[in-house]
Amino acid sequence: MMLHGLALPADRPQPWLVFLHGFSGDNREWQAVSEMLTAFPRLLLDLPGHGGSADLSVTSFDDMDALLRVTLTRYNIKKYWLVGYSLGGRVSMYHACQHPAGLCGVVVEGGHPGLPDESRRHERLGSDRQWAARFRQQPLEVVFDAWYRQPVFASLSEPQRAALVALRSRNNGATLATMLEATSLAQQPDLRSLLRTLSIPVHYLYGEYDSKFQMLATQVTGHCHAIPAAGHNAHRENPAAVADILARILRLEIKGTL
């Protein structure tokens, strides 16, 4: 059992860029950014319950981490960077904190490092269970219309919101619900202190209009990068700027290891 993905090798022996999408996305989420980074071998993955991995499920972050490790092994990827958005960013941070061999660095876009207290985790668990029930029971167009009206997506215009609702409504509500419950922010440990002690570089990207995650970024790392003219979904709203910053990060970090 392994995650479905799109592997794009490169001519030069560089570390792989392994891209992880957010909740309800798939490997196409990072396609526009990936196409601007052809000097690097790239692997764009579908998370459990999504895209080509829709028939896979996990029950915890440990399960997710194990599945990611198996997938990297099957692709014979020995040195890699993880680039993850939102849920993919949370999976990336959790993976990094397990100190896997071969991980060269992490780039997180809009990923939460974890809730700091039990009361907030309890509240979040209740909220995510309510969302999961809606994903199982209601038409996806209705659920995603409500989903993209949450405060974190306030910078979306109505046409942007409508386009995302149409795109995400092609998913399977039941498999999304299972993944949402398994990787709820309530089930994730607070990773702030562990992330600060990692020996590998951790970089954080956030949209300039995403004030919540701008604040969280500084709690994760000192390497924070604002994406201009973008909100929470920065790689969709300004892929060229995200690709440019990724290229600069990788040139700097890889040069520093030579």
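**Close-ups of a predicted model**

**View 1. The lining of the largest pocket draws on several helices.** Helix H3 (87-96), H4, H7 and H9 each supply at least two residues of that lining; helices (H or I, at least four residues) and strands (E, at least two) are DSSP runs, numbered from the N terminus. H4 gives the largest share, six residues. The pocket has a volume of about 730 Å³, meaning the space filled by probe spheres set on grid points that are joined across faces, edges and corners. Of its 33 lining residues, the closest to the centre are Arg124, Gln150, Val152, Leu185 and Lys212. A pocket here is an open set of points on a 1 Å grid over the protein atoms alone, where a 1.4 Å probe fits, with protein on both sides within 12 Å along at least five of seven lines, and lining residues have an atom within 4 Å of a point.

A quick note for every view: this is a predicted model, where local features need pLDDT of at least 70 and side-chain atom pairs count only at pLDDT 80 or more, while totals for chains, interfaces and linings use all residues. Residues are numbered from 1 along each chain as its sequence is written, and side-chain values use heavy atoms, with hydrogens and water left out.

**View 2. Serine 184 sits in the loop between H7 and helix H8 (192-196).** Serine 184 has a relative accessible area of 2%, so it counts as buried; buried means under 20% relative accessible area, exposed over 50%, and partly exposed in between (1.4 Å probe, protein chains only). Leaving aside neighbours within four places in sequence, serine 184 is in contact with Phe61, Arg90, Arg124, Leu125 and Asp128, contact being heavy atoms within 4.5 Å.

**View 3. Arginine 168 and glutamate 29 meet in a salt bridge.** The N to O distance is 3.0 Å. A salt bridge is a side-chain nitrogen of Lys or Arg within 4 Å of a carboxyl oxygen of Asp or Glu, and by this rule the count comes to 12. This pair links distant parts of the chain: arginine 168 belongs to helix H6 (residues 158-168), and glutamate 29 to the loop between strand E2 (16-20) and helix H1 (31-34), 139 residues apart. Both arginine 168 and glutamate 29 are buried.

**View 4. Another salt bridge joins arginine 136 to glutamate 181.** Here N and O are 2.9 Å apart. The pair again links distant parts of the chain, with arginine 136 in helix H4 (residues 118-137) and glutamate 181 in helix H7 (residues 173-182), 45 residues apart. With a relative accessible area of 42%, arginine 136 is partly exposed, and glutamate 181, at 30%, is partly exposed too.

View 5. Within it, glutamate 158 bridges to arginine 149, their closest N and O atoms being 3.3 Å apart. Glutamate 158 is partly exposed at 46% relative accessible area, as is arginine 149 at 45%. Arginine 161, found in helix H6, has a relative accessibility of 8%, so it counts as buried. Not counting residues up to four places away in sequence, arginine 161 touches Tyr148, Arg149, Phe153 and Leu156.

**View 6. Strand E6 (residues 202-207) is largely enclosed by the rest of the structure, because six of its six residues are buried.** In a regular strand the side chains alternate between the two faces of the sheet. Both faces of E6 are covered: Val202, Tyr204 and Tyr206 lie on one side, His203, Leu205 and Gly207 on the other, and all are buried. Four bridges join E6 to strand E5 (residues 103-109), and the two run parallel; strands pair if DSSP finds at least two bridges between them. Leucine 205 in E6 is the bridge partner of glutamate 109.

**View 7. Strand E7 (residues 223-227) runs parallel to E6, joined to it by five bridges.** The chain gets from E6 to E7 through helix H9 (residues 211-220), in a right-handed β-α-β crossover. Right-handed here means that, with the strands pointing away from the viewer, the path from the first strand over the helix to the second runs clockwise.

**View 8. Asparagine 238 lies in the loop between helix H10 (234-237) and helix H11 (239-257).** Its relative accessible area is 18%, so asparagine 238 is buried. Leaving aside neighbours within four places in sequence, asparagine 238 contacts Ile227, Pro228, Ala229 and Ala230. Between the C-alpha atoms of asparagine 238 and alanine 32 the separation is 9.6 Å, while along the chain the two are 206 residues apart.
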